[in-house]
Amino acid sequence: MKYNVECSSCGHPSRNLLEFRCPSCGMPLDIRLHLDFETKKIFRKDFSVWRYRRFFPYVKKGEIVRLGEGWTPLVKFSERVYFKLESLNPTGSFKDRGSALLVSAIHKLIKKRRGYISEDSSGNAGASIAAYAARAELRAKIYVPETVSGPKFNQIQFYGADVVKVSGSRSEVAEEAQEHELGKYYIGHILHPLFRDGIRSLAYEITEQLGWEVPDLVYLPVSAGTLLLGVVSGFQHLVGSNVIKSMPRIVACQTKQVSPLYHRMKNLSYRPPENLASVADALVSVDPPLLELMVKNLRKVEGDAVMVEEKEILEAFTELAGKGFYVEPSSAVAYAGYKKQLKKKEMPIGSNAAIVLTGTGLKTTAIRP
Ligand SMILES: [Zn+2]
């Protein structure tokens, strides 16, 4: 067997790719790979995530759903900084890596059962899942918070998904998406292990684009944790396969309002604000279901966390746009985190960094002050 699915907490096996919680204890599931990464096994003429398809063994060859995801540019911004332009993915965010893998792996199974998929999202993941469902000719029902940004809501609707607006907290949106309905298969991107696993390709790409070297530091905006966990797992796979010697230092960047991981990493207590009012509207998980897993995995790879203020996000967002990189404010959180650590000398002198710019600015509703 090239992989198995098991509980991230108790190790209980799962034998069904549609399962998203441990059948024994209810904790999140993980994909465990039993194959090494080998550079000679890359499909070099495929300029998408599928160049690494041999390392995603749960997707059958004839069942790949493609929109042109991955192999996004890694652009040198300054002497020591690279930007990974995930905003250039088909639906405008890194989520396409997860959606492509997840939908490719399950669409046949769900069609056979005459079912449809359901997903909950603050916007980007919903748009992404909706696009891949459309491409796979699969019906999708996307649950979004009432506060969803107009452009993201529009995008989901035009892909042809049913959109359900839910009032209340982000967790209430998730609960409603999971409520049982005839034919409904919940494949929520936060809980489903295949979505998270699809993000591994981002670590492979950064490394390959740097000539099989890793940067000293990798900065990621973190909310629900799929990006963080996927990227950590990708680099771990490369280390375990002796493709790279050691992990880059992964830095999780959070907003002051939504910073449960930062607080846990620094052993501080966190109390979320009553109402979120951040320009970083994609970062909303004040109580992420994957928090324990994030803390465990980030500690294991000796990663770090940084928290930025609203003012710092806006400054980073404006600076990036002023240099031609129009990304969403939530993505600018990663650049703001880098700038903060640089200023506070919280990195070794001369370190180089890859900063993941996760989503396009074209969906933002932020207005220039
Ligand atoms: Zn378990």
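1. Helices here are DSSP runs of H or I with at least four residues, strands are runs of E with at least two, and both are numbered from the N terminus.

2. A word on the basis of these remarks: this is a predicted model, in which local features need pLDDT of at least 70 and side-chain atom pairs count only at pLDDT 80 or more, while totals for chains, interfaces and linings use all residues. Residues are numbered from 1 along each chain as its sequence is written, and side-chain values use heavy atoms, with hydrogens and water left out.

3. How many of the residues of α11 are buried? The helix is mostly covered, with 12 of its 15 residues buried, and among them are Pro-329, Val-333, Tyr-335, Tyr-338 and Lys-340. Buried means under 20% relative accessible area, exposed means over 50%, and partly exposed lies in between, computed with a 1.4 Å probe on protein chains only. After α11 comes Lys-345, whose phi is positive, near 55°.

4. Lys-344 sits in the loop between α11 and β13 (353-357), and it counts as exposed because its relative accessibility is 51%. Lys-344 and Ser-8 are 336 residues apart in sequence, and their C-alpha atoms are 35 Å apart in space.

5. Ser-8 belongs to the loop between β1 and β2, and with 8% relative accessibility it counts as buried. A polar atom of the Ser-8 side chain lies 2.7 Å from the backbone oxygen of Pro-28. If neighbours within four places in sequence are left aside, Ser-8 is in contact (heavy atoms within 4.5 Å) with Pro-28, Leu-29, Asp-30, Arg-32, Leu-293 and Lys-296.

6. Which residues hold the zinc ion as protein donors? They are Cys-7, Cys-10, Cys-22 and Cys-25, each through its SG atom, at 2.2 to 2.3 Å from the ion. Donors are N, O and S atoms within 2.8 Å of the metal (3.2 Å for Na, K and Ca), and since water is not among the atoms, sites may look incomplete. The spacing of the donors along the chain is C-x2-C-x11-C-x2-C. Within this set, Cys-7 in strand β1 (residues 3-7) and Cys-25 in the loop between β2 (13-14) and β3 are 18 residues apart, and the pair links distant parts of the chain.

7. The arrangement around the zinc ion is tetrahedral because the four donor atoms subtend angles of 104 to 119°; for four donors, that term requires all angles to lie between 85 and 135 degrees. Cys-7 is buried, with a relative accessible area of 1%, whereas Cys-25 is partly exposed, at 38%.

8. Ser-48 is placed in the loop between β3 (29-33) and β4 (74-78), and its relative accessibility of 4% makes it count as buried. Its side chain is joined to that of Arg-66 by a polar contact of 3.4 Å. Such a contact is a pair of N or O atoms within 3.5 Å; within protein, one must be able to donate a hydrogen and the other to accept it, and residues adjacent in sequence count only if both atoms are side-chain atoms. Not counting residues up to four places away in sequence, Ser-48 touches Arg-66, Glu-69, Gly-70 and Trp-71.

9. The largest nonpolar core has 80 residues, and those that touch the most other members are Tyr-58, Ile-106, Ile-117, Leu-220, Leu-228, Ile-250 and Leu-261. Apart from it lies another core, of 27 residues, including Val-81, Val-306, Leu-320 and Phe-325. A nonpolar core is a set of buried Ala, Val, Leu, Ile, Met, Phe, Trp, Tyr and Cys residues joined through side-chain atoms within 4.5 Å.

10. Helix α6 (residues 200-209) is largely enclosed by the rest of the structure, because nine of its 10 residues are buried, including Arg-200, Leu-202, Tyr-204 and Ile-206. Just after α6, Gly-211 takes a positive phi of about 70°.

Methods. Four donors count as tetrahedral if all angles lie between 85 and 135 degrees; four count as square planar and six as octahedral if opposite donors are over 155 degrees apart and all others between 65 and 115; anything else is irregular.
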